[in-house]
Amino acid sequence: MAESGEGLGTVPEHERILQEIESTDTACVGPTLRSVYDDQPNAHKKFMEKLDACIRNHDKEIEKMCNFHHQGFVDAITELLKVRADAEKLKVQVTDTNRRFQDAGKEVIVQTEDIIRCRIQQRNITTVVEKLQLCLPVLEMYSKLKEQMSAKRYYSALKTMEQLENVYFPRVSQYRFCQLMVENLPKLREDIKEISMSDLKDFLESIRKHSDKIGETAMKQAQQQKTFSVTLQIKQNNVKFGKNMYINDRIPEESSEIVLKHTFEEEEENEEEVLTVQDLVDFSPVYRCLHIYSVLGDEEAFENYYRKQRKKQARLVLQPQSNMHETVDGYRRYFTQIVGFFVVEDHILHVTQGLVTRAYTDELWNMALSKIIAVLRAHSSYCTDPDLVLELKNLIVIFADTLQGYGFPVNRLFDLLFEIRDQYNETLLKKWAGVFRDIFEEDNYSPIPIVNEEEYKIVISKFPFQDPDLEKQSFPKKFPMSQSVPHIYIQVKEFIYASLKFSESLHRSSTEIDDMLRKSTNLLLTRTLCSCLLNLIRKPHIGLTELVQIIINTTHLEQACKYLEDFITNITNISQETVHTTRLYGLSTFKDARHAAEGEIYTKLNQKIDEFVQLADYDWTMSEPDGRASGYLMDLINFLRSIFQVFTHLPGKVAQTACMSACQHLSTSLMQMLLDSELKQISMGAVQQFNLDVIQCELFASSEPVPGFQGDTLQLAFIDLRQFEFDTAS
């Protein structure tokens, strides 16, 4: 019963599976069959039995169907057999008709093929003509490109390439020759870039070599323009104010010569046309290269390359030669190269757009200016020749004026000139120190003798001496000063001339120039001349007579300082009453020298007294005196009388001080004899002999060797000696 119940449950399931197999896709049969094996045990066997039963049912249905349609199939076969005979006849007729048509159309076919072939040829010819008409402009443009390349018209060639790429090549891009052309264009562009860059390199090398010529031309133009302006200004001033007159001086003509003096040598023909930078330099390589790189879209690379190369050249130009400071030509070459470099850059700035900018040139100039100032400061310090320093100054002025004309700021250069001016003054001071030494060496330290009016006028023309008493004297007569005085006065004026030369063209006011001249002249007086005088005074061979004459000379030089102030005033037209006008320090300068000379007179006079006293040979044991003063003392007194006679030309106080100092020193020296530690005893005869010498000293003092002493002032110098002698005798 159990098996029967199980069989009843599975039969409907098997029928469902068979229905799914018959009605579903073959792809879904697998899962359906799998369910047969997944069911209860013996389900597979039962399913196979059910499947066999189903197959038998279908076979029965098929057999029934075939039996139902068999008679119709037999009738159809019979009809087909009847039609076969008619079909064979129709086939024979169609074959025969086709053969006759083929035979009849052979000639038409041949003619038709000929027509077709001709039409194809015509069509091909038309197509070829059309394509050739499309290709010919391309080929013509490419041929034009080749010609432009051969003629080195690279900018035009690049424009032609653009037309080929944008207009012509797209029309014939399908052809192989077009592809070859397209592939060749980048190479042509690279060739053009290389060629234009090579031309640019040649250009840069050329301007590097010829920058000095460019700079020299630019500086000449600036100098000629400045000379013209100065000449015009001088003429206008002469017309407006009249020609300046200077007493006993030559400033007007010489000042003009200073201003108008050319640093560069004049050309043989003054009217010769001066070339411009455009005449000297062919800038076309730069323009071409710039245009080419612009067309190629690589303008930035070109700008960077150009600026980098020019900066390298700038560093080379700014590098001075080691011996530049030895000659003015070394400085001139240095300046002309720098000017040439920046003139070219200024031209490039104004004729190109963006290749260089004002910010770039300003940066380059600031870098160069710092280097230039450092170089000039270093090399000028080696210059010991004032003429070379002056020429350097003139070069710097022209250099600055030239670059200022091109828009470059040059204030720092003029500031440097003030440093160089101090150095120039130092070289002048050293030069004039030698001049003063030579003047002092050549002087005879005697009053200047004159025998006639002509000689008198010659001396007066050199030195502003005024003495009504001397003018009234008849010839021959003497000036109180020696030859060194007019020579020194002339040389001081020459120094002012030389100092003025540097002050010209510095773009400074007359007040500043006046201040410069007065300060430099004060340095000459207070440092150089005073130092030379002090050295002269201390020289061993300078005797008392020479010292007296030196004091007289300094007095007259001091008096001449006011004429030097007038001389500077006439040069600068700045009144001495101006609040900030510097005064000359002549009073203090020559006063110090006189004091030194006076002190040297006292020292040498005392030394001379010591020399005479050292000749004293007293016999301190003599029994009787000689009855007259000692010979050494009489010689000493005669010497003092002659010296004090010379002192009459000195200021009174100086002569009196010298006389008092000499008497005191003589008294002290004689007293030292009596106080000598080796002197053990003195006889009365020796005391009497010493008394005779003291009496002569007192007589000398009372004879008033130098006028101006009141009463017994000079005798008081020997009062201590007389008292000491009295004590010794007692």
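Q: How far apart in helix α11 are Arg-358 and Asp-362?
A: Arg-358 and Asp-362 are four residues apart in helix α11, so about one helical turn separates them. Helices here are DSSP runs of H or I with at least four residues, numbered from the N terminus. This is a predicted model, in which local features need pLDDT of at least 70, side-chain atom pairs count only at pLDDT 80 or more, and totals for chains, interfaces and linings use all residues. Residues are numbered from 1 along each chain as its sequence is written, and side-chain values use heavy atoms, with hydrogens and water left out.

Q: What do the side chains of Arg-358 and Asp-362 form?
A: They meet in a salt bridge, with 4.0 Å from N to O. The term denotes a side-chain nitrogen of Lys or Arg within 4 Å of a carboxyl oxygen of Asp or Glu.

Q: Which helix holds Arg-518 and Asp-514?
A: Both lie in helix α17, four residues apart, about one turn of the helix. Arg-518 is buried at 0% relative accessibility, and Asp-514 is buried at 1%.

Q: What does Ser-520 contact, beyond its neighbours within four places in sequence?
A: Ser-520, also in helix α17 (residues 510-538), is in contact with Asn-425, Phe-495 and Ser-499; contact means heavy atoms within 4.5 Å. Ser-520 is buried, with a relative accessible area of 2%.

Q: Changing topic: at what angle do α9 and α11 cross?
A: The axes of α9 (residues 299-318) and α11 (residues 358-380) cross at roughly 15° and come within 10 Å. Axes are lines fitted to C-alpha atoms, for helices over the stretch in contact, with angles from 0 to 180 degrees between N-to-C directions. The two helices are therefore roughly parallel, a label for angles under 35 degrees, whereas over 145 is roughly antiparallel, 65 to 115 roughly perpendicular and the rest oblique.

Q: Which residues of α9 meet α11?
A: Arg-307, Arg-310, Lys-311, Ala-314 and Leu-318 of α9 do, and their partners in α11 include Tyr-360, Glu-363 and Met-367.

Q: How many salt bridges does the structure hold?
A: The structure holds 24 salt bridges.

Notes. Buried < 20%, exposed > 50% of the residue type's maximum accessible area, 1.4 Å probe, protein only.
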